[in-house]
Amino acid sequence: MPSSSSIRETLQTRSELIRSINPSATQLPEELQGYHSLSPLENVTVTAERRKFGNWYSTVYKAINSADGGAYALRRIENYRMTQQSAFAPIEAWSKIRHANIVSVCEAFTTRAFNDNSLVVAYTYHPNAQTLFDVHLKPKSSHTSHHHQHQHWYAPGRGTGRGPSRNAQSNTLPERTIWSYVVQIASAIRKVHEAGLAVRTIEPSKILVTGRNRLRIGCCGLVDVLMHEMNQDMAVLQQEDFIRFGGLILVLCCNNVAASAPMNLQKSFDLVERSYGADLKNLVVFLLSKASAQKLRQLFDLLSSRIATEMDDALDAVDRLEGELMSELENARLVRLMAKFGFINERPEFARDARWSETGDRYIIKLFRDYVFHQVDEHGNPVVSLSHVLTTLNKLDSGTDEKIMLVARDEQSCLVVSYKEIKACMESAFSELAGSQQTKAKEVYRGGG
Ligand SMILES: Nc1ncnc2c1ncn2[C@@H]1O[C@H](COP(=O)(O)OP(=O)(O)OP(=O)(O)O)[C@@H](O)[C@H]1O
């Protein structure tokens, strides 16, 4: 769990990103099947440098849905011709899957809005998501495009020939993180297999990191549409998920995209065993072992104690988040109180009374405002103490019986009142203001017939 200041920063960045537009967005359709404000999530520049999704060019855009105002990630596949309407059947099945480690699939459609035949799949948008590749595997110092090192999602184990020696610049992932990733991916696989589907895209560039150590498998369902005509056996595809999963673990442990290539396997296993111990190695050996209908169940047997650890950590994180939320809740209460002060104090006129804010209950509120904000020390210097403000406002908010002395500005009179009484004054003055607004609204409504 990040510290509270970094939670705030993370959430603020996310909220800004939802509305931001990538400056490289040019010549994009204004409107697309109910989506607008399209903005590429990657920099689409030189055509020659463009990466492919299998055999297809693909681009991911952020877009706003007109119906619900929410942001979505649209993955577009260029030059896709749909031959059978049934190609979209898997999307229907995928859109029912909701899981903490899967980017939800929303809908799919074909469009000519990009001046070609494009296939678009809409996913939940996760602001500031980065791919596992970008977070852990991308060479840090050089500017080389990473696509040369990419393994294609449809050819697990087909490496680039680079040996599995560790990338010198990057740090080894802590074992704790690897196990957390393993549990999350395993859990996603389980959900998908139990729904009678296969994940099919278990590779670093298609898994998003959407928070600290939080993974979500992205672009589910797309391969099912693209490869629909091949009519592949689901049981076989599910077994391939395990193989890809094993490969992914090797790649992460060795910090090298070529680590799962057949010719590198032995070296990779040695490296894993040396850096992380036998458990992880045995898990990978198990995942890469021959197909079995029992594999999912066996996988969870192997992972049981890791899952318990993961759950402890998750519950711990929930507690801490609740704590953070609690303090924010307090903030919100104080802001509401301050807003009430703002509505009442110094109001020039109310109910045709120019002295409304100075008289009756409001006089007490005015003196209390002076008590909170305008105190001076013995030399007449302003007391600028935030803690005094917070303490007094909190007491007001809870309406304690504690009494304080409020002094008039001319110091000729003073009042002893409890916080409880001041709170009642605030409530009644505020409801007078709020009530009049409702009466007005009704009058306008009646007047308008
Ligand atoms: N659902 C989503 N929410 C937010 N961002 C996303 C989402 N899906 C993808 N992205 C972002 O879009 C960018 C492009 O995704 P893409 O899958 O094309 O990754 P890539 O690294 O370019 O891989 P490839 O080499 O296969 O093109 C990535 O940086 C990813 O973080």
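**Figure 1. Contacts across the protein chain.** Among contacts in the protein chain between residues at least 6 apart in sequence, 63% join residues at least 24 apart. Two residues are in contact if their C-beta atoms, placed from the backbone, lie within 7 Å. The model is predicted: local features need pLDDT of at least 70, side-chain atom pairs count only at pLDDT 80 or more, and totals for chains, interfaces and linings use all residues. Residues are numbered from 1 along each chain as its sequence is written. The protein chain holds 12 helices and 12 strands. Helices (H or I, at least four residues) and strands (E, at least two) are DSSP runs, numbered from the N terminus. Of the 449 residues of the protein chain, 26% count as buried. A residue is buried if 20 or more other C-beta atoms lie within 10 Å of its own, exposed if 12 or fewer, and partly exposed in between; these C-beta atoms are placed from the backbone.

**Figure 2. The largest nonpolar core.** This core has 71 residues. A nonpolar core is a set of buried Ala, Val, Leu, Ile, Met, Phe, Trp, Tyr and Cys residues joined through C-beta atoms within 7 Å. Ile 185, Ile 249 and Cys 253 have the most contacts inside the largest core. Helix α4 (residues 175–194) gives the largest share of this core, 10 residues. Not counting residues up to four places away in sequence, Ile 249 touches Val 182, Leu 280, Leu 283 and Val 284. A second, separate core has 9 residues, including Ile 344 and Leu 396.

Figure 3. Helix α6 covers residues 234–254, 21 residues in total. At 1.5 Å a residue, helix α6 should span 30 Å. The expected span is 1.5 Å times one less than the number of residues in a helix. The end C-alpha atoms of α6 are 30 Å apart, which agrees. Just after α6, Asn 255 takes a positive phi of about 55 degrees.

**Figure 4. Two loop residues with positive phi.** Most residues other than glycine have a negative phi. Asn 128 is not a glycine, yet its phi is positive, about 65 degrees. Asn 128 sits in the loop between β7 (118–124) and β8 (130–131). Asn 128 counts as partly exposed because it has 16 C-beta neighbours inside 10 Å. Glu 346 also has a positive phi, near 60 degrees. Its place is in the loop between α9 (295–344) and α10 (361–373). Glu 346 has 11 C-beta neighbours inside 10 Å, so Glu 346 counts as exposed.

**Figure 5. An open sheet of 3 strands.** The strand order is β8-β9-β10, with antiparallel pairing. The edge strands are β8 and β10 (214–217), and each pairs on one side only. Two strands pair if DSSP finds at least two bridges between them. β8 and strand β9 (residues 207–211) pair over 2 bridges. Gln 130 has Val 209, in β9, as its bridge partner.

**Figure 6. Ser 268 in helix α7.** Helix α7 covers residues 265–276 and contains Ser 268. Ser 268 counts as buried because it has 25 C-beta neighbours inside 10 Å. Ser 268 and Ala 195 are 73 residues apart in sequence. Their C-alpha atoms are 33 Å apart in space.

Figure 7. An unreviewed UniProt entry annotates residues 305–343 as "coiled-coil region". UniProt positions are given in the numbering used here, feature names are shortened, and annotations may be inferred rather than shown by experiment. In the model, residues 305–343 are 100% helix and 0% strand. The end C-alpha atoms of this span lie 57 Å apart.
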